[in-house]
Amino acid sequence: MSAPPLRDYQARAVEAVCSRFERGPVAVCLAAPTASGKTRQGVEVVARWCPPDRRAIWIVHRIELVQQAIEKLGESLGGRVVPLDLWHAGEIVVATVQAMM
């Protein structure tokens, strides 16, 4: 199943993040209101900017969101997505803020 097309405001946000990445290494925080499709937008950014030779970390603020992130990222990126405890086996790692401390 492919992801639905981005809405206009989502596409603009994704383009802004990708445009910033083009100017060099940087950390980016995508902030948006509840139910605005932050996960969908983030998945699109990762899909564009993380070919198989790049790694990324997807940080969530609650343990309940780890599995959701793995599932959503997995829909687009397949087996490249893993939880933090399997960091060595994947390219896209999902972790909680607490696990990173």
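Tutor: Let us begin with Phe-21, which counts as partly exposed because its relative accessibility is 21%. Here, buried means under 20% relative accessible area, exposed means over 50%, and partly exposed lies in between, with a 1.4 Å probe and protein chains only. The model is predicted, so local features need pLDDT of at least 70 and side-chain atom pairs count only at pLDDT 80 or more, while totals for chains, interfaces and linings use all residues. Residues are numbered from 1 along each chain as its sequence is written, and side-chain values use heavy atoms, with hydrogens and water left out.

A pair of aromatic rings is described by the distance of the centres and the angle of the planes. Rings of Phe, Tyr and Trp (for Trp, the six-membered ring) pair if their centres lie within 6.5 Å; planes under 30 degrees apart are stacked, those over 60 are edge-to-face, and the rest are tilted. By this rule there is one aromatic pair. Its members are Phe-21 and Trp-49, placed edge-to-face, with 5.5 Å from centre to centre and 75 degrees between the planes. This pair links distant parts of the chain, for Phe-21 belongs to helix α1 and Trp-49 to helix α2, 28 residues apart. Helices are DSSP runs of H or I with at least four residues, numbered from the N terminus.

We now turn to charge. Side chains of opposite charge can pair when their charged atoms come close. A salt bridge requires a side-chain nitrogen of Lys or Arg within 4 Å of a carboxyl oxygen of Asp or Glu, and the structure holds five of them. One of these joins Glu-15 to Arg-48, at 2.4 Å from N to O.

Another salt bridge joins Arg-40 and Glu-44, at 3.3 Å from N to O. Both residues lie in helix α2, four residues apart, about one turn of the helix, and both are buried. Glu-15, Arg-40, Glu-44 and Arg-48 are linked in a network of salt bridges.

Finally, Arg-62 forms a salt bridge with Glu-64, whose closest N and O atoms are 3.5 Å apart. Glu-64 counts as exposed because its relative accessibility is 54%, whereas Arg-62, at 41%, counts as partly exposed.

Methods. Helices (H or I, at least four residues) and strands (E, at least two) are DSSP runs, numbered from the N terminus.
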